[in-house]
Number of protein chains: 2
Amino acid sequence: MAYAEQYIEKLRKSGLRPTKQRIKICEVLFDAEKTFHFTIKELVKIIENQANIKVSLATVYNTVHAFIRKGYLKEIPLNASQSYYDTNVTHHHHFFDEEENKLIDIHQDDVDEVNIKRTIPGKKIKSVEVIAKIVSDNQSQK
Amino acid sequence: MAYAEQYIEKLRKSGLRPTKQRIKICEVLFDAEKTFHFTIKELVKIIENQANIKVSLATVYNTVHAFIRKGYLKEIPLNASQSYYDTNVTHHHHFFDEEENKLIDIHQDDVDEVNIKRTIPGKKIKSVEVIAKIVSDNQSQK
DNA sequence: CAACAGTTTAGAATAAATATAATATATTAT
DNA sequence: ATAATATATTATATTTATTCTAAACTGTTG
């Protein structure tokens, strides 16, 4: 496992000690072939299925939020009942299918660069996200 | 009060009968000089301060959601602990100040048109929102 | 004024997220 | 390595937003 080193590095940079549980969280998040979206509960379920390690909700919350602070994960802005996170921290955007509660990536090439001309004194822009809500297209919309 | 007519119209179009409580909600939402952002709790507080009418949380939730369905209000996509709504339903975007939990409008002229080239079969885009998260700019960011 | 359909309400239920404090584990200096 | 110390994990309790529910209420119509 050459990966472990990277995970320990990520954890240390996030101000967390590398523990069994946290390394398992890293494996699930950063060892996947593709980037993906998840909720905390889904992440807990994946860990339970993949490993014989028990990880509590609290640990997952803490670790995920430490990674967000460090920029290893992104929170997807959505007024949903639960928070959605993304392992893809590159610049990209999302469709949100309101009927199926499903997120779909929009590659950055598919959206013109968002250029915000206004600034707020003393503040800098941390992130820019585009959310396009989509619904069924039943031709004749009343 | 010539306004009442408009409110009754809005309520009827939203599938709601015009009742005392609902008209009061309309007054607060649509009679303001400027558009504004609010949470459900804030809205309830405003009504309590402005009028001697008691309105329950449930009624406010129901009415606000009916208006959103009809397009008289917009929900602002944000992964915050509570939902934010906007009486400004014209095309515009937002800064979200993460440190002060404050929303700031970005006029549409200050953002280049967001053009999404990708489509999802059977779906149409209902709304496109840009959220720019901002934080303090302490020059030397560690 | 009685019957009825639709409203409002308080309070209960649900569920996400966070806090707590006891137990377990890891780190450090020796 | 080992003991002492610091930090992590966990189950549980708490908090808070939102939704649900059922009873009380309102207003309209015959």
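Student: Into which domains is chain A divided?

Tutor: In this predicted model, chain A consists of domain 1 (3-76) and domain 2 (90-134). Their centres, taken over C-alpha atoms, are separated by 24 Å.

Student: How do you know that domain 1 of chain A and domain 2 of chain A are in contact?

Tutor: The criterion is heavy atoms within 4.5 Å. Five residues of domain 1 of chain A meet it with eight residues of domain 2 of chain A. The two domains bury about 510 Å² between them, and carbon and sulfur atoms account for 53% of that area. On the side of domain 1 of chain A, the residues that lose the most area to domain 2 are A:H37, A:K74 and A:I76, together 88% of what that side buries.

Student: Why are β2(A) and β3(A) called paired strands?

Tutor: Pairing requires at least two bridges. β2(A) and strand β3 (residues 84-86) of chain A have three bridges, in the antiparallel sense, and therefore count as paired. Within this pairing, A:K74 stands opposite A:D86 in β3(A).

Student: What makes β1 and β2 of chain A edge strands?

Tutor: The open sheet has three strands in the order β1-β3-β2 (chain A), with antiparallel pairing. β1 (37-38) and β2 of chain A each pair on one side only, and they are the edge strands.

Student: Let us turn to the two chains. How many residues of chain B are in contact with chain A?

Tutor: 43 residues of chain B are in contact with 43 residues of chain A. The area buried between the chains is about 4,000 Å², with 51% from carbon and sulfur atoms. B:N79, B:K123 and B:K124 supply 18% of the area that chain B buries against chain A, more than any other three residues.

Student: Why is the pair B:K126 and A:E98 called a salt bridge?

Tutor: The limit is 4 Å. The side chains of B:K126 and A:E98 lie at 2.8 Å, N to O, so they qualify. The rule finds eight salt bridges across the interface of chain B and chain A, and 26 residue pairs in polar contact, both residues at pLDDT 80 or more.

Student: Which element gives the largest share of the side of chain B that touches chain A?

Tutor: That share, 14 residues, comes from β6(B). By class, the residues of this side divide into 18 nonpolar, eight polar and 17 charged.

Student: How do you know that the β6 strands of chain A and chain B pair?

Tutor: At least two bridges are needed. Strand β6 (residues 123-136) of chain A and β6(B) have 13 bridges, in the antiparallel sense, and therefore meet the requirement.

Key
Residues are numbered from 1 along each chain as its sequence is written. Chains are lettered from A and ligands numbered from 1 in the order in which they are written. This is a predicted model: local features need pLDDT of at least 70, side-chain atom pairs count only at pLDDT 80 or more; totals for chains, interfaces and linings use all residues. Side-chain values use heavy atoms; hydrogens and water are left out. Buried area is the accessible area (1.4 Å probe) that two parts lose on being put together, summed over both. A polar contact is a pair of N or O atoms within 3.5 Å; within protein, one must be able to donate a hydrogen and the other to accept it, and residues adjacent in sequence count only if both atoms are side-chain atoms. Helices (H or I, at least four residues) and strands (E, at least two) are DSSP runs, numbered from the N terminus. Ala, Val, Leu, Ile, Met, Phe, Trp, Tyr, Cys and Pro count as nonpolar, Asp, Glu, Lys and Arg as charged, and the others, Gly among them, as polar. Domain bounds come from an automatic or database domain assignment.
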